[in-house]
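Subject: Handover of a structure and summary of findings

Dear colleague,

Please find below the structure that I am passing on to you.

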Amino acid sequence: MATITPQELQTKVGEHLGTSDWVLVDQEMINKFADATGDHQFIHVDEEKAKLTPFGGTIAHGFLTLSLMPLLGASTDGPKVGGVKMGVNYGCNKVRFLSPVRSGKRVRSHVKLLELEEKRPGQWQQTNEVSVEIEGEEKPALIAEWISQFFV
C-alpha cells in the first residue's frame, strides 16, 4: 500500500481510491448492534418472524451498514496519507440506503475521492463517495458522501 502526501492525494480528486476487504454481516453482529442502539425491530432480530417478510429473513439495520464505513475504510487498498496523527468523522452530505443487507451476507466498500481541502495548516477535510456493495447482488446497500478530517 502506497504512502502519499496530502498534496499528492489532492491530485486524485475524481478518482476511485480503492476497494475494501469483505466484511461478514452475520446475525451476531446485527444482534449486538440492536443491543447497542435499542433498535430491536423484528426484521433485525427475530429470525422466525422475519422469514414471513418480503426480505425472507433478518436484515441488518441501515445504520449498522453505515457504521461499518470506518472499518471498511481502514482495509481499503488505496493510497494512505503518511504522517497522520489523528482522523475524525465529520459527517455525511447525504446517505441513501438502497438495498437491505441480509444476515450472512458480506459487504465491501468502493471509495471515490470527491474533494480534499486544507482547512488549516495540517488539517485536511476529505469528502468521499462510498458505495457499499453486497456480495452477489447488483444494487449496493448504500451510497454516501462521507466527510472526514485528518491531521498531519
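How many residues line the largest pocket, and which of them lie nearest its centre? Please note before the reply that this is a predicted model. The lining consists of 25 residues, and those nearest the centre of the pocket are Gly73, Lys80, Gln126, Asn128 and Ser148. Two or more lining residues are given by each of helix H6 (69-74), strand S4 (80-81), strand S5 (86-97), S6, S7 and S8. Helix H6 provides the largest share, with five residues. The volume of the largest pocket is about 570 Å³. By residue class, its lining holds 14 nonpolar residues, ten polar ones and one that is charged.

The chain as a whole

The chain has 152 residues, and 39% of them are buried. Six helices and eight strands are found in the chain, and along the sequence they follow the pattern β-α-β-β-α-α-α-α-α-β-β-β-β-β. Along the principal axes, the C-alpha atoms fill a box of roughly 55 × 30 × 25 Å. Among the contacts in the chain with a separation of 6 or more, 71% are between residues 24 or more positions apart.

Strand S7 and its partners

Strand S7, one of the elements that contribute to the pocket lining, spans residues 123-134. Ten of its twelve residues are buried, so this strand is largely enclosed by the rest of the structure. S7 pairs with two strands that I describe in turn.

With strand S6 (residues 105-120), S7 pairs in the antiparallel sense over twelve bridges. Within this pairing, Arg108 has Glu133 of S7 as its bridge partner. The hairpin of S6 and S7 has two residues between the strands, and Gly122 in this hairpin takes a positive phi near 85°.

With strand S8 (residues 142-151), S7 also pairs in the antiparallel sense, here over ten bridges. In this pairing Gln123 stands opposite Phe151 of S8.

Two individual residues

Is Thr58 buried or exposed? Thr58 counts as buried because its relative accessibility is 6%, where the cut-off for buried is under 20%. Thr58 is placed in the loop between helix H4 (47-50) and helix H5 (62-67). Its side chain makes a polar contact of 2.4 Å with the side chain of Gln27. Beyond its neighbours within four places in sequence, the residues in contact with Thr58 include Phe42, Ile43, His44, Val45, Asp46, Glu47, Ala50, Arg102 and Ser103.

Glu48, by contrast, is exposed, since its relative accessible area is 53% and exposed means over 50%. Glu48 is located in helix H4. The side chain of Glu48 makes a polar contact with the side chain of Lys51, at 3.2 Å. Between Glu48 and Gly136 there are 88 positions in sequence, and their C-alpha atoms are 24 Å apart in space.

Yours sincerely

Notes: Residues numbered from 1 in each chain as written. Predicted model: local features only at pLDDT ≥ 70, side-chain atom pairs only at ≥ 80, totals over all residues. Heavy atoms only, no water. Helix = DSSP H or I, 4+ residues; strand = E, 2+ residues; numbered from the N terminus. Buried < 20%, exposed > 50% of the residue type's maximum accessible area, 1.4 Å probe, protein only. Polar contact = N/O pair within 3.5 Å; in protein donor to acceptor, adjacent residues only side chain to side chain. Contact = heavy atoms within 4.5 Å. Pairing = 2+ DSSP bridges. 1 Å grid on protein atoms, 1.4 Å probe; cavity = no way out; pocket = protein on both sides within 12 Å on 5 of 7 lines; lining within 4 Å. Points joined across faces, edges and corners; volume = space filled by probe spheres on them. Nonpolar A, V, L, I, M, F, W, Y, C, P; charged D, E, K, R; others polar.
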